[in-house]
Amino acid sequence: MLDQKEIVSEVKVIVFRLKDEEYGVEVNQVKSIEKLEHITRVPRTPQFVKGVINLRGVVTPIIDLRNRFGLEESLYSESTRIIIVAVGEVEVGLIVDAANDVIDIPVNAIEPPPEVVGGVEAAYLRGVAKLDKRLLILLNLDKVLSTEEIKQLDSIEG
């Protein structure tokens, strides 16, 4: 029989890059990682909403995380990726500079977030993981978008 501590002793996350920082989002919230493709602009949406893509027949809203977090924009490159995540009932694509790998993080390595990390407000963060010489910023996807913004994106998706 498994000890309960063993069951939740690690969190599996997808690691991605924005600017010079590494971020993580839990694997169970990620649907897929896609190469950047043509994004159709949608009028009257917040500036961080770049538009929509047709992903295997599903219209998916795309958010530029650099813009959302108030980081300076940069040109997209060969390593730019769109991470498709589930936020509530809505699937959303997050534009990131690169998606690096999948790692297991011991739960005891995760600390509460400081007020501001790398220019990203603490409200968006679940915590900071210390791994050897790496610091990994864990996102709280439910806070990256407000309930109102999710409803707005859901109407684009429909």
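Phe16, Tyr23 and Phe69 come together as one aromatic cluster. Keep in mind that this is a predicted model. Here is how the rings meet.

Two aromatic pairs turn up in the count. Phe16 and Tyr23 are a stacked pair, because their ring planes sit at 15°, and planes under 30 degrees apart count as stacked. The centres of the Phe16 and Tyr23 rings are 5.6 Å apart. Tyr23 also pairs with Phe69, and that pair is tilted. Side by side, the two pairs look like this:

| Pair | Centre to centre | Angle between planes | Type |
|---|---|---|---|
| Phe16 and Tyr23 | 5.6 Å | 15° | stacked |
| Tyr23 and Phe69 | 6.2 Å | 35° | tilted |

How about solvent? Buried means under 20% relative accessible area, so Tyr23, at 0%, counts as buried. Phe16 has a relative accessibility of 1% and is buried too. Phe69 is also buried, with a relative accessible area of 5%.

Arg68 places its charged end over the ring of Phe48, at 4.3 Å from the ring centre.

How values were computed
Residues are numbered from 1 along each chain as its sequence is written. This is a predicted model: local features need pLDDT of at least 70, side-chain atom pairs count only at pLDDT 80 or more; totals for chains, interfaces and linings use all residues. Side-chain values use heavy atoms; hydrogens and water are left out. Rings of Phe, Tyr and Trp (its six-membered ring) pair if their centres lie within 6.5 Å; planes under 30 degrees apart count as stacked, over 60 as edge-to-face and the rest as tilted. Buried means under 20% relative accessible area, exposed over 50%, partly exposed in between (1.4 Å probe, protein chains only). A charge sits over a ring if NZ of Lys or CZ of Arg is within 6 Å of the ring centre and within 35 degrees of the ring normal.
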